[in-house]
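Me: I'd like to walk through this model with you, one question at a time. Here it is.
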Amino acid sequence: MDGIQCSQFTFYNDFDSANLSRVEFVSHSESAVVKPSSRSKVSAVEIPDAEFNLWTKPDCYGTEFENGNRTWFYFGIKAPRPGLLVRLNLVDLNRQGKMYSQGMAPVYKIIPGRPKWERIQDKPIYNTNEDIFTLSFKFRAPENPESCTYFAFTYPFSYSDLQKMLTNIDTKYISIQPIAEDDIYYVRETACLSLEGRNIDLITLTSYHGITMEREDRLKNLFPSKNVPRPHKFIGKKVIFISARVHPGETPSSFVFNGVLNFLLSRDDLQAQILRKHYVFKLIPFLNPDGVANGHYRTDTRGVNLNRVYLNPSFTEHPSVYAARSLIRYHRFGFEKEDKIPKCEMCEKNPNSNQAHTCETDNVNKLSNMTLNEECGENNSVHWCTKWHNFCRQCGCKLTHTESKEEVNFETVTVDHHGDVNSNESGLFLYLDLHGHASKKGIFMYGNHFDDLERRVECMLLPKLMGLNDHHFHFQGCNFTERNMYLRDKRDGMSRAGSGRVAVLSCTGIIRSYTLECNYNTGRLVNVLPPTVKEASGKVHTLPVPPKYTPQLFEEVGKSLGASILDLTGHNPFSRLPNSEFHNLSGLRDWLRNSCSTNNFGDSRPKLSRMRVSSGSHTQGKTRSGVAQRSRPPIRKSVKQLNKSRTSVPVERKENLVHPVLSQPSCSKSSVRLNRPFKAKSRKELSLKTKNAATDKLVKHSSVKSKKVVPTPLATQKTKLDHNTQTPENGNEDDDLHLREICFIKNQEGKTMIAKYKNKESEEFDDSLVVSWDAPTSKATVFTHKSRILSAPHLIHNKSPSEPGTSKQGMFRIHNFAKNTLKSKFKKQTLRRLVSATELGKPERKKKKKSRIK
């Protein structure tokens with residue numbers, strides 16, 4: 001294997017997916033390594049023994065279609081001596097500073113020695129000098145002088161790796177004769193050839209359930225091998241179409257694809273058996289094999305982004321996309337239907353023009369050039385884009401429906417009592433295109449936007465199920481906006497209306513059409529998975545922190561995809577849904593329906609802060625994605641509104657005995673969380689100074705009242721608190737007691753405070769003694785007792801209406817309303833429990849009643 005010789009080092013670039021172009025030796029005087037000064041306290045920086053500048057080939061290098069995609073790199077290096085420290089500078093790459101700042105690192109392997117790909121141990125550094133982005137890292141030459149070290153942007157999976165894998169699968173499954181219906185039905189065929197003559201492989205995977213003697217049709221221009229028979233047709237099975245590597249540098253898509261493929265080929269896995277029984281899987285592993293073999297990052301050999309030509313693919317220029325579109329339409333309608341190409345009048349007059357027309361695409365163009373700041377602005381009079389899902393396949397503008405244009409009806413949504421949506425008219429159940437993502441963290445999906453609520457819920461169902469079945473899937477990162485369907489790329493200006501996800505909706509009308517995106521590096525969060533129905537109910541599955549993504553992790557995502565598809569139809573024998581907060585598929589649909597109808601997803605894009613009901617960190621002024629929001633003034637609520645919006649709270653808290661106006665919490669933070677009800681827990685946001693000021697005011701008020709009492713055998717003074725005790729409208733608050741008033745009683749024996757509550761039937765009763773302290777004591781130390789709901793008279797029939805609960809049913813808490821002095825701070829206050837309020841004497845009760853009437 002020949003390579004590039006430079007300073008006794010050999011650099012290899014003549015293998016599959018490699019793209020090294022040029023190497024330049026850097027002398028020590030010209031090195032960019034920072035040399036430490038003698039006065040520096042930092043340990044000395046290791047000076048490399050050799051340093052090289054490397055340039056990679058952009059996509060379509062050396063042709064008229066050369067473009068600026070320079071993110072991918074893959075090459076090998078052999079050192080003349082073992083143990084040398086070498087520094088490599090990859091010059092003029094695409095600016096991926098955000099990705100590398102988040103911990104992204106290239107991968108390496110040593111042949112022979114360490115054949116498994118790993119991330120480099122030395123943290124890479126990057127800089128931008130004169131508008132040139134450079135990535136640098138160091139490595140030490142292996143001890144074996146014959147070993148070659150290979151470096152790549154991320155974990156590679158080349159075209160030769162694919163052919164080796166498929167050849168091994170062929171030897172296992174093609175020659176096996178079936179014995180039972182559950183046996184694996186596996187067919188591999190060549191759909192067409194790429195522009196450079198490489199195979200576009202098509203894999204058919206299912207079981208022998210529902211098999212017929214009739215075979216699938218040989219479609220126009222496809223399946224060049226006439227000697228290879230087409231697969232059999234199946235009755236009662238829908239098709240799931242999965243494709244990958246339309247962008248050759250996005251290798252995580254291949255590992256997710258391999259995870260799906262290996263999972264479906266599992267003979268003894270019950271979930272895989274059920275999937276093969278109910279579905280026929282049509283799998284295309286590489287849509288762009290030429291780009292993969294040539295070391296491209298995003299385009300084919302003609303510089304075309306193949307994920308933008310699904311609207312009108314050409315067999316001579318885009319054979320793989322043409323084959324994928326033809327197969328999707330064939331399985332959607334059940335026969336080879338003539339593919340009419342709807343075009344607008346301008347494109348019919350000028351068939352070679354690819355420019356959008358201002359006459360009909362004002363909304364589309366405005367949408368394509370719109371920034372996020374404009375999106376969040378107040379001027380929403382113009383909709384983001386047209387509501388039409390039938391548009392020109394050439395320029396992307398909306399079409400006026402006429403008889404000459406092909407109209408595509410949406411898939412009808414029918415759900416039976418099992419939650420099975422497999423009875424819909426379409427022969428195509430699911431379309432999924434697999435991708436990699438450089439900037440956005442996590443693993444997530446892009447779906448299409450629907451105005452109809454039920455279709456919108458059905459579109460969100462599979463991504464939400466993925467979040468229940470996989471640790472690393474970010475449902476909060478999914479996007480179902482209409483804007484995301486028609487954006488134009490900044491680099492080439494091509495619209496996402498030509499992507500596989502949107503074009504499949506346009507030509508078939510199916511709801512479940514997705515793009516699965518996987519970050520190269522890591523995610524933002526880790527999901528806590530509920531246990532399966534076969535596991536203990538208390539068991540949960542979680543990870544401490546988001547890990548670095550590896551091929552094994554991506555393959556697990558493919559396996560989780562299979563489990564989520566089974567959950568869609570209620571056929572998952574190891575479902576996690578029953579042990580989740582939704583309990584079943586209907587509950588999950590209701591949750592999505594409620595979230596969409598209450599606009600908790602905003603523009604159909606789930607956000608973390610709007611979905612969690614539990615308490616957590618607040619985001620004020622910014623969303624989770626970092627986009628600034630307009631600041632809102634704090635919402636000031638009246639006392640009446642405050643009590644209506646919050647649930648009832650225990651009365652033994654000191655704060656609850658303070659006037660509500662004085663203890664009103666700040667709503668500036670909680671206003672961001674739209675679906676979070678106001679709770680008394682937010683009183684933690686008050687400062688201690690505010691609390692003490694409020695309590696001191698109440699102490700003064702009560703002490704003045706007690707001084708005015710005439711020393712008669714029994715004189716009562718009441719201090720009523722303005723506390724709203726309206727029962728909440730929802731029926732979940734039946735177990736709460738509501739404080740109606742607090743009575744302070746003073747006589748010769750001492751002081752007493754009785755709290756009166758109000759139950760659901762508005763019956764008044766004394767919760768028996770609440771407070772007592774000795775007469776000589778002037779300190780306002782309050783001992784409160786609140787019975788549980790079981791001690792309420794309307795639930796206890798064998799007790800007196802005012803009989804207090806037992807000690808097991810109640811609990812005591814001590815609160816000091818006055819500021820403690822140095823003397824009284826450590827002074828013990830004796831607690832003396834009184835008898836029931838009814839035993840204080842009947843004359844006292846009559847006097848209390850008379851004074852109340854007056």
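Me: Leaving aside neighbours within four places in sequence, which residues is Glu517 in contact with?
Reply: This is a predicted model, so local features need pLDDT of at least 70 and side-chain atom pairs count only at pLDDT 80 or more, while totals for chains, interfaces and linings use all residues. Residues are numbered from 1 along each chain as its sequence is written, and side-chain values use heavy atoms, with hydrogens and water left out. Contact means heavy atoms within 4.5 Å. On that basis, the partners of Glu517 are His435, Gly436, His437, Gly442, Ile443, Phe444 and Tyr446.

Me: Does Glu517 count as buried or exposed?
Reply: Buried means under 20% relative accessible area, exposed over 50%, and partly exposed in between (1.4 Å probe, protein chains only). Glu517 comes out at 8% relative accessibility, so the label is buried.

Me: Which UniProt annotation covers Glu517?
Reply: The record is an unreviewed entry. UniProt positions follow the numbering used here, feature names are shortened, and annotations may be inferred rather than shown by experiment. The annotation covering Glu517 is "active site".

Me: Which strand holds Glu517?
Reply: Strands (E, at least two residues) and helices (H or I, at least four) are DSSP runs, numbered from the N terminus. The protein has 19 helices and 27 strands. The run covering residues 513-519 holds Glu517, and that is strand 20.
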